[in-house]
Amino acid sequence: MRIRNYIEADLSTMVELLNETCKDEYEFIPYTKEKFLSEIHEGEVTILVAENREVEGFVVLREGVHGEELWMLCVKPGPRQKDIEDSLVSEIEREAKTDRLFVVLDSEGNRIADFMRRGYEIYGGLYQMVARLDGLGPIPPVPRGVILRSLDINEEEALVKVVNAAYGLERLRFGALSRWKSEDPMFTEEWVHVAELHGEIVSVVVSRTDREFNQRYGAKRGYLGPAATHPSHTRKGLAKALTRRAMNFLFQRGMDSVSLYTTEDNVASLALLRSLGFKMGHHWKFLRKTLPKP
């Protein structure tokens, strides 16, 4: 067996392997070659392939929210599966440009033990939160002078600015609105809910349809995110009011449920969401490893 760089001829086999090995994962949406290519072309990625006359597995390294992330690890089931996985992980660790590597794993899966054996440690996690939409709910009060409305057509720069200020990193780039519109014909600026104070957008919640999930499972689920409040305007109830406004908006457009994601250490967000009827849908854990670098 040898480990080498990905080539275009590997694509069909890799997508088949990805769909087969991940088919039982939570809410997995099968990949097409086009979807796989679009996702790996969104940023800088490194792909290594394990080959023994044919492709036995592959691993993908990409730049994630937390830094360099081991994004995909897919190996054919069999007696050598663990050995091949270990080899791919070791090789991709050598490709990392920084001294720390991250991975996100299902909290209910068996891969956490494998990665801890490789020297990774748990440092947090991610919740999917889900709520039923069975009617319009009252929008919580906001401070005097705050206007709740939808984004105007020429306000994408303000949207990007407040989201990135809230996250403290580049969470959103200019062009996101065009991408969301291309992904979902229903989406317009009206789906972006903002709080304005003294002529400035200070909080946002983006609502969308959960298009791929709905197509796959015949559902009517909406999705919220990103959601962000400028650090100078937190603790004013803006996020709660906009979240309820977005939930009402989705209900009026035929959605009967809504999902979003938040980290397990975001106590304030979890309290807010539970007060609006959200419950945990699923749970993933964050793991990281400090790599020896010369």
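Visitor: How many residues of domain 1 are in contact with domain 2?
Guide: There are 6 residues of domain 1 in contact with 6 residues of domain 2, where contact means heavy atoms within 4.5 Å. This is a predicted model, in which local features need pLDDT of at least 70 and side-chain atom pairs count only at pLDDT 80 or more, while totals for chains, interfaces and linings use all residues. Residues are numbered from 1 along each chain as its sequence is written, and side-chain values use heavy atoms, with hydrogens and water left out.

Visitor: What area is buried between domain 1 and domain 2?
Guide: About 570 Å², with carbon and sulfur atoms giving 55% of that. Buried area is the accessible area (1.4 Å probe) that two parts lose on being put together, summed over both. In domain 1, E27, I29 and V65 lose the most area to domain 2, together 64% of what that side buries.

Visitor: What makes K35 and E212 a salt bridge?
Guide: The term asks for a side-chain nitrogen of Lys or Arg within 4 Å of a carboxyl oxygen of Asp or Glu. For K35 and E212 the closest N and O atoms are 3.3 Å apart, and the pair qualifies. Between domain 1 and domain 2 the count is 2 salt bridges.

Visitor: Why is the pair of W180 and F187 called edge-to-face?
Guide: Rings of Phe, Tyr and Trp (its six-membered ring) pair if their centres lie within 6.5 Å; planes under 30 degrees apart are stacked, over 60 edge-to-face, and the rest tilted. The centres of W180 and F187 are 5.6 Å apart and their planes stand at 75 degrees, so the pair is edge-to-face.

Visitor: What makes the pair of F28 and Y31 tilted?
Guide: The planes of F28 and Y31 are 35 degrees apart, with 6.3 Å centre to centre, and that angle falls in the tilted class. The whole structure holds 13 aromatic pairs, and ring pairs also link Y26, Y223, Y261 and W284 into a cluster.

Visitor: How do you know whether W180 is buried or exposed?
Guide: Buried means under 20% relative accessible area, exposed over 50%, and partly exposed in between (1.4 Å probe, protein chains only). W180 has 3%, so W180 counts as buried. F28 is buried at 11%, and Y31 is buried at 14%.
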